[in-house]
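Work through the two exercises below with the sequence and the structure in view. Each task is followed by its solution.

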Amino acid sequence: MNLEILLSIAFGGAFLTYIFGKISRRLRDFFSVFISLILTIFLSYFYGKFEVVPYFSFLGIPLILRINTLSWFFAITIQLITTFSVIFSLSYMKEKERLDFYYFMMLLVNAGMLGIVLAADLLSFYIFWEIMSWSAFLLISYNRGTALEAGMKYIVMSIIGSMCMLVAMISLYTNYGTLNISQISSQISSASSGYILFIFILLLVAFGIKNATWPFHTWLPPAHSEAPSPFSAVLSGILVRMGMYGFLIIFYVILGLKLFLNLGKGLCSFHYILAWVGAINIVIPTFIAMFQNDSKRLLAWHGIGQGGYMVLGIAIGTSLGIVGGIFHIVNHTSYIALLFLVVGAIEYRTKGVRDLNSLGGLIKKMPITFLGALVGACGLIGVPLTNGFVSKWLIYKTLILKGYSFLAFAALIGTWGTILSLYKFIHNIFLGQLPEKYKDIEKAPFSMQFPIIILSLIIILFGILPGIPLKVVNSIGVSFGFKSLDVNIWGIISETGILNLVNIFTAILVSLIFFWIIFRSGAERVKILQDNSYAAGSYIPKDKYNYTVEFYQPLFRMIKPYFRDFIDEFYSKIVETGRRLSDRIRKVYCGDLGYYVTYIVLFLAILIAIKLWGKIW
Amino acid sequence: MIYYIGALGLIFIGLFIIMTRHNLIKMIIGLNIMDTGVNLFLISIGYIRKGTAPIFSKPGINPGAMVDPTPQALVLTAIVIGVAVIAMALSLAIRLYQHYGTLNMRKIKEQRW
Amino acid sequence: MNPVLLIVIPLGFAFFIPLLGFISRKAEKFIPSLALLINIILSLSLLPSVMRKPIIVLLGGFPPPFCINLFVGPVGVIFSLIIAIVGFLVSIYAWSYIGGDGKREEKYHMLYLLLLAGATGVVLTGDIFNLFVFYEILCISSYALVAYLGEKAGVESASKYLIQGSVGSTLILIAIGLLYGQFGTLNMADIAQNINTINPLHLFIPLVLLLTGLGVEAAIFPLNAWLPDAHSSAPSTISAILSGIAIKIGIYAMARVVFTIFGAYQILLFLILLGVITLLVGELSAFSQNNIKRMLAYSSIGQMGLILLALSIGTVEGISSGLFQIFTHAFSKSLLFLAAGYMIYQAGSLKISSLEGMGKKMPLSSLAFSIGAFSLIGLPPFMGFGSKFMIIRSLLEKGNSLFTTLAGIVLVGTVIEGAYFFKVIQRLYFKETAESEGGVKEAPVGALLPMIFLVVLIISIGVYPKMITGILNSCAGELLNRLEYIKAVFGG
């Protein structure tokens with residue numbers, strides 16, 4: 001019963017926001033934040049509860065909501081990220097137009113996502129999935145201009161995914177007479193492996209497209225970079241990860257652990273192939289990210305890359321792996337959202353500049369934003385004392401334990417790429433020379449700083465005390481049938497070693513204090529001015545200190561001939577062929593009446609001919 | 001039998017005209033010929049050689065020799081419909097000529113693709 | 001209440017309109033709405049009783065085989081309900097849309113009512129020649145209405161439509177003649193009863209002729225060359241009616257012929273093939289179209305393919321999903337045409353690019369357009385989702401790989417449809433436009449009301465498809481169960 005109220009608040013709140021927007025701007029802004037907060041509080045009340053509520057029936061199929069640890073975990077993540085983005089939007093979107101629509105869609109996407117994770121049957125899953133998809137489309141296209149193409153790419157791929165899901169869902173329904181996830185999972189073990197593979201591949205395509213898993217990733221970079229930044233945070237942070245949720249549902253809820261691991265044999269076993277897909281997903285996108293000059297596009301490619309880690313963790317199918325994978329989802333959500341919000345704040349102050357070549361030196365102007373970016377980047381790289389470290393540690397450990405050395409190596413390479421590209425990101429925005437025109441830039445307003453600060457704190461908190469989320473994640477793993485891990489508030493005890501982050505934290509803190517004391521007690525500090533350096537013996541004027549252009553240029557020159565998105569080109573070619581085919585087919589309607597009548601007569605003749613000679617019926 | 005052949009012949013002639021002629025008026029004529037053929041066909045279904053009118057006007061008429069009245073009723077209706085269609089077509093042809101200055105349907109191809 | 005009124009009221013009111021012109025010129029545009037409102041009420045009140053048992057109306061008083069009878073079953077009533085609802089809403093829209101430049105428009109309203117009277121007659125009659133007569137009433141009035149504005153495009157399309165339509169009707173008439181020659185009767189139930197007594201080869205020719213002739217109106221692939229022209233150049237109200245109703249009448253007649261009269265189940269596989277081809281040709285042709293009404297017209301072809309496909313599955317689920325899709329398409333496509341109507345009027349051009357930025361200038365029309373498009377694509381929570389769901393389900397329920405492939409093809413069609421509709425929606429809302437042209441304003445209230453009503457219908461049936469699925473099932477039963485049909489006519 002309560003779940004229904006929750007969803008009605010989510011959807012009703014979205015509608016009401018739109019209506020209130022027609023009355024007054026303030027009311028709308030206030031109300032959208034209010035709704036997000038209410039939902040957050042409501043959701044946190046559900047912690048540890050289990051509930052199954054049938055709420056409606058569609059074409060004779062009962063629609064059911066349920067909450068358990070898995071869905072609670074996702075729901076609270078969704079809700080928190082949306083709340084932060086909405087708060088961030090208050091000032092980011094202030095001068096834009098059609099805000100009623102913006103907030104409406106933002107909350108609708110949120111409601112759709114909540115619906116997805118709360119759905120206990122595939123039909124309501126599909127319905128909420130579609131609501132989420134088209135409202136996200138409207139938000140991606142919001143910025144106009146090049147955003148339109150990004151939106152088209154997104155929605156076409158999204159429809160293809162949904163259609164695959166629809167076929168899989170209805171096929172399950174016709175075979176088992178139910179769409180209830182738990183009932184299907186109890187019956188599917190008797191199905192032939194060919195049928196399971198059929199369903200599995202359809203669903204894999206459906207969720208893979210949303211999760212932007214290679215080779216279905218092509219929609220993501222343009223969509224992420226063109227959407228309004230607060231929505232990019234939601235999009236990259238959690239909307240894309242609905243695909244991960246879908247993977248979890250099919251692998252471990254519908255198929256179940258045993259069936260999933262037994263799908264295929266040896267090197268061709270399904271989860272092993274999937275793990276390789278994950279590895280490809282890590283390596284290629286992170287290196288592509290290195291050469292991006294658009295800050296949001298750079299982050300977008302990381303969104304794809306980090307998805308690879310999650311797939312890797314989940315596909316291996318050990319308890320360490322699954323905990324690492326799921327934990328990585330929430331970690332990724334926190335730092336990628338943080339980074340997108342940082343970019344948003346910079347965009348806001350620089351009037352929409354995202355080009356990494358023309359920014360620089362903003363560290364003094366926007367210190368808090370810089371700290372946010374630093375923490376976010378550390379999280380993304382996986383520096384110890386941030387949450388990204390913990391989940392990556394878990395995933396590495398899994399790979400090493402299993403002896404998948406190539407996969408582990410791929411994950412490691414991915415981390416190098418991440419370091420390089422995020423160094424570029426931070427350097428080009430915050431370090432280096434401050435361009436003349438940004439001299440009078442102000443720091444970000446409070447409503448932007450607030451979510452940045454909170455998210456940074458969350459990243460560090462989960463990095464030092466990973467036990468808080470890991471306990472929940474572990475119980476999700478247990479509910480999938482994995483054996484429980486020994487999780488403590490300070491870290492994790494696994495069969496290969498202990499990860500105690502509080503100890504690490506103390507060690508680092510102590511050494512930091514130690515070095516600080518040494519440095520303080522040492523010589524006087526000397527400040528060296530920027531002008532005070534010479535290149536080849538000649539003085540360089542101040543405005544020539546611009547390191548930020550053409551980063552990694554030699555490396556880029558080296559790989560340039562291969563630096564093409566072959567898959568994207570392939571898809572574009574398909575669309576182009578379709579368009580040409582369409583033009584060709586339309587020529588049938590040539591405008592000549594004589595031909596038209598001939599068509600009728602020919603049709604008649606063919607019908608008779610078929611009957612007389614073909615015996616088709 | 002000869003009526004059926006005649007009717008079929010008319011229908012095919014009409015169709016042939018519509019398919020091959022370019023002039024709208026000729027096409028309409030073709031349509032009319034086709035209509036006539038169909039009407040003839042309908043009539044000949046109910047026709048009996050040396051039959052009588054389907055009315056018991058005087059005693060002793062053999063009902064088996066009566067011409068079937070239903071096709072005649074059908075044909076009447078069909079003729080009326082045909083006339084309406086032809087009238088409509090001709091009035092459209094007039095309008096078309098006003099717009100294009102020609103009735104050659106090979107040249108009137110603005111609506112296509 | 002006598003179901004004959006369903007036909008008599010629009011027919012009578014149609015001829016009353018020009019007379020009324022002598023008394024009051026203003027009143028004539030309200031007559032169609034009034035007549036159709038009565039029809040809605042009549043159909044609704046008939047619905048419960050025909051669900052239990054079909055009503056046979058004898059015109060002339062003889063028992064069935066000898067006189068014309070109306071067969072008022074669930075199918076007939078549901079179709080006349082669709083006709084009346086769509087017709088009613090479109091006629092309200094026409095209050096402000098048609099005329100306005102001082103010309104008298106009694107011809108428009110009269111022809112409009114005649115068209116709908118013809119359509120209602122086709123779906124209710126139980127006599128095949130009578131079906132032909134009503135069908136011709138529908139066709140002739142639609143030829144005239146396509147050319148109503150007297151513009152270049154309209155006249156050209158109407159004359160082409162007329163020639164093709166007449167060739168089609170002639171084929172139907174030949175088929176009726178052949179049937180009469182073989183059975184000596186025109187009553188559909190009577191023919192159906194004796195269908196097995198005749199050599200199947202002799203039956204084949206009338207069946208093929210009927211399929212071809214009706215296929216012209218139903219827009220089956222090679223026969224539908226008139227449709228994009230006529231739908232795109234007619235006034236938008238007429239496009240809505242043609243797309244929403246007229247082509248459905250063709251498909252209804254085909255279903256009646258195939259299922260009830262001939263019981264020709266062996267032909268269904270071929271019809272499915274035709275449906276798939278029509279679907280793909282229609283959707284692909286719409287894909288790269290830049291004339292908005294032409295795009296909608298091609299999408300109608302695609303949807304007709306889908307409907308034909310669904311009906312030809314030949315199971316109760318299949319047929320009811322096809323009828324559901326007829327509902328969806330009738331409401332959604334007429335909504336799309338109505339919404340596009342005023343946008344085109346204000347933009348002064350049929351080009352999709354000229355509609356850019358309409359989302360801001362005409363918010364409600366654009367919203368209605370988007371909802372219609374969403375519904376046609378089959379996105380929840382709109383009506384199209386229910387019908388698409390049912391179609392895919394009935395395809396997959398057949399359980400063999402051919403039908404699974406067909407489901408795949410249907411969904412490929414949906415993807416293409418989604419692509420072009422979303423492109424239009426993007427242009428409506430997210431395209432930069434040169435401001436200033438201040439002349440563009442929202443459609444008048446009289447035009448918005450029917451759109452809003454259609455939107456409400458689409459959403460409420462989308463959320464509660466149960467409202468109509470029960471009726472659709474008994475419709476499917478009527479179409480599939482020939483013996484019941486024959487018994488209902490003769491057994492009294």
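**Exercise 1.** State how helix H3 (residues 74-97) of chain C and helix H10 (residues 236-262) of chain C cross.

Step 1. The axes of H3(C) and H10(C), lines fitted to C-alpha atoms over the stretch in contact, come within 9 Å and cross at roughly 165°. Helices here are DSSP runs (H or I, at least four residues), numbered from the N terminus. The model is predicted, with local features needing pLDDT of at least 70. Residues are numbered from 1 along each chain as its sequence is written, and chains are lettered from A in the order in which they are written.

Step 2. Angles run from 0 to 180 degrees between N-to-C directions, and those over 145 count as roughly antiparallel. H3(C) and H10(C) are therefore roughly antiparallel.

Step 3. On the H3(C) side, the residues in contact (C-beta atoms, placed from the backbone, within 7 Å) include Phe79(C), Ile83(C) and Val86(C), and on the H10(C) side Ala240(C), Ile241(C) and Gly244(C) are among them. By class, this contact of H3(C) with H10(C) has 11 nonpolar, four polar and no charged residues; Ala, Val, Leu, Ile, Met, Phe, Trp, Tyr, Cys and Pro count as nonpolar, Asp, Glu, Lys and Arg as charged, and the others, Gly among them, as polar.

**Exercise 2.** Describe the packing of H13 (residues 316-347) and H18 (residues 445-463) of chain C.

Step 1. Their axes lie 10 Å apart, at an angle of about 150°. This makes H13(C) roughly antiparallel to H18(C).

Step 2. Leu335(C) and Leu338(C) are among the H13(C) residues in the contact, and Met451(C) and Leu454(C) among those of H18(C). The contact of H13(C) with H18(C) divides into 12 nonpolar, two polar and no charged residues.

Conventions: Predicted model: local features only at pLDDT ≥ 70, side-chain atom pairs only at ≥ 80, totals over all residues. Helix = DSSP H or I, 4+ residues; strand = E, 2+ residues; numbered from the N terminus. Parallel < 35°, antiparallel > 145°, perpendicular 65-115°, else oblique. Contact = placed C-beta atoms within 7 Å.
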